[in-house]
Each structure stands twice: as structure tokens, then as C-alpha cells.
Amino acid sequence: GEADEEGGEPSRGERASALRLASALTADRRDAALLVDEGEDVLEAAPRQSSAREDRSKAWLNRVLETNPTPVLWTINDLHRVDRATLRRMSLLVEVGVPEAAAVRGRVWGRVLGLERLELADGAAARLAGRWAAAPALCASAARAARLS
């Protein structure tokens, strides 16, 4: 569901169709799970507030969530774009935020600096972690920008 038939950006309906197909193909398996990244695009459930709803009804979405035979992991960047009734139909919600512990953030910074092959002074990762409480993706983007510059 990451591309349409021509390799372009899929519509909400195309992504939903890909989910239905994957669900059907994995319905009898107990060793399968599906991942829907950027799930807001499919889950957005405020038809009067968004053109992303296309022709899918809220009832259709509720049936998908309530009867899907294969577990689905949804990654969502903005829960506020998803209707609370939709969220209530999910088995488990886990919010992954910025690590609170500076030591954990330091390990994240150390990892992304290493992946970008940035050679900084000793203690740079710890200093960055102490100064900025940033999500891992933001750390990675900052390290990439530093390498590119």
C-alpha cells in the first residue's frame, strides 16, 4: 500500500484495499501481523472535516478494525487526526515519546552519529542529549544534515 499501480502515491482507498488484500492473504496464519505506517491516512475518520475520507464510511472503517483476522500495527504521528471512537476500537495504544533519561538519549545520539560516520569530540553524544530532548528521528535528521553540510 505504499504505491499505486503506476508507482505513484496511493489514495486512501488504495491503501485500504491493500490492507484488505493483505488481511485476506494472512487470515489463516497465526505467525503474521501487518504494519500500516502513516496510519492517519487510512484511519482519519472525520468525513466532514477532511477530503482524505474519500468514499469510505466510518462504518466501513469500524468493521475493518473490529473484524480484521490478522493483527495490525498502526504507526500514527498525530493521534489528534484520528477519531476517538476509532482509537477505542484498537486493542492497545502505546505512545512512544522522547526518552526521558539523558543516558538513553545519549545512546540514541551516539548511534545516529555513528551511522552518519560523524567524528565528533568525546562526549558529544552526551552533550547533545543534555541540550536537546529530541525524538530519535529528529536526532537522525540532525545528524544527517550535519554530515551533508
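**Pocket linings**

I started with the lining of the largest pocket, sorted by class: 14 nonpolar, six polar and three charged residues. This is a predicted model, so I keep that in mind for everything below. The pocket holds about 960 Å³ of space. I counted 23 lining residues, and Leu73, Trp74, Leu92, Leu93 and Val94 are the ones nearest the centre. Looking at which elements supply two or more residues to this lining, I got H3 and S2. S2 is the top contributor, with three residues.

Next I went to the second largest pocket, at about 380 Å³. Its lining runs to 17 residues, and those nearest the centre are Gly1, Glu2, Arg15, Val36 and Asp37. Here the elements giving two or more residues are H1 and S1. H1 provides the largest share, five residues. By class I noted eight nonpolar, two polar and seven charged residues in this lining.

**Helix H1**

With H1 turning up in that lining, I looked at the helix itself. H1 covers residues 12-26, 15 residues in total, and I get 21 Å from first C-alpha to last, close to the 21 Å expected at 1.5 Å a residue. Which residues of H1 are buried? I listed Arg12, Gly13, Arg15, Ala16, Leu19, Ser23 and Thr26. Viewed down the axis, these buried residues sit within an arc of 165°, so they line one face of H1. A reminder to myself: an α-helix has 3.6 residues a turn, so residues three or four places apart point the same way.

On the face turned away from the buried side I found Leu21, Ala24 and Leu25, which are exposed. What do the buried residues of H1 pack against? I traced them to strand S1 (34-36), helix H2 (40-43), helix H3 (58-67) and strand S2 (72-74).

**Helix H5**

I ran the same checks on H5. Its 14 residues should span 20 Å at 1.5 Å a residue, and the end C-alpha atoms are 20 Å apart, so the two agree. The buried set in H5 is Arg105, Gly106, Val108, Trp109, Val112 and Leu113. They take up an arc of only 160° around the axis, which puts them on the same side of H5. On the other side I have Ala103, Arg107, Arg111 and Leu115 as exposed. The buried residues of H5 pack against H6 and helix H7 (136-148).

Is Glu116 buried or exposed? I have Glu116 as buried, because its relative accessible area is 17%, and the cut-off for buried is under 20%. Leaving out residues up to four places away in sequence, Glu116 touches Ala143, Arg144 and Arg147.

Arg117 lies in the loop between H5 and H6 too. Arg117 counts as exposed, at 72% relative accessibility. I flagged its backbone: phi is positive, about 55°, although Arg117 is not a glycine. That positive phi comes just after H5.

Phi of Glu38 is near 55°, a positive value in a residue other than glycine. Glu38 is in the loop between S1 and H2. With a relative accessible area of 35%, Glu38 is partly exposed.

What does Asn77 contact, leaving aside its neighbours within four places in sequence? I found Glu38 and Glu40. Asn77 itself belongs to the loop between S2 and helix H4 (84-88). I put Asn77 down as exposed, since its relative accessibility is 62% and the cut-off for exposed is over 50%. I also took a C-alpha to C-alpha distance from Asn77 to Ser149: 28 Å in space, for 72 residues apart in sequence.

**Lys58**

My last stop was Lys58, which is in helix H3. Lys58 counts as partly exposed, at 30% relative accessibility. I also checked Lys58 against Glu9: they are 49 residues apart along the chain, and their C-alpha atoms are separated by 23 Å.

Notes:
Residues numbered from 1 in each chain as written. Predicted model: local features only at pLDDT ≥ 70, side-chain atom pairs only at ≥ 80, totals over all residues. Heavy atoms only, no water. Helix = DSSP H or I, 4+ residues; strand = E, 2+ residues; numbered from the N terminus. Expected span 1.5 Å × (residues − 1). Buried < 20%, exposed > 50% of the residue type's maximum accessible area, 1.4 Å probe, protein only. Arc of directions from axis to C-beta. Contact = heavy atoms within 4.5 Å. 1 Å grid on protein atoms, 1.4 Å probe; cavity = no way out; pocket = protein on both sides within 12 Å on 5 of 7 lines; lining within 4 Å. Points joined across faces, edges and corners; volume = space filled by probe spheres on them. Nonpolar A, V, L, I, M, F, W, Y, C, P; charged D, E, K, R; others polar.
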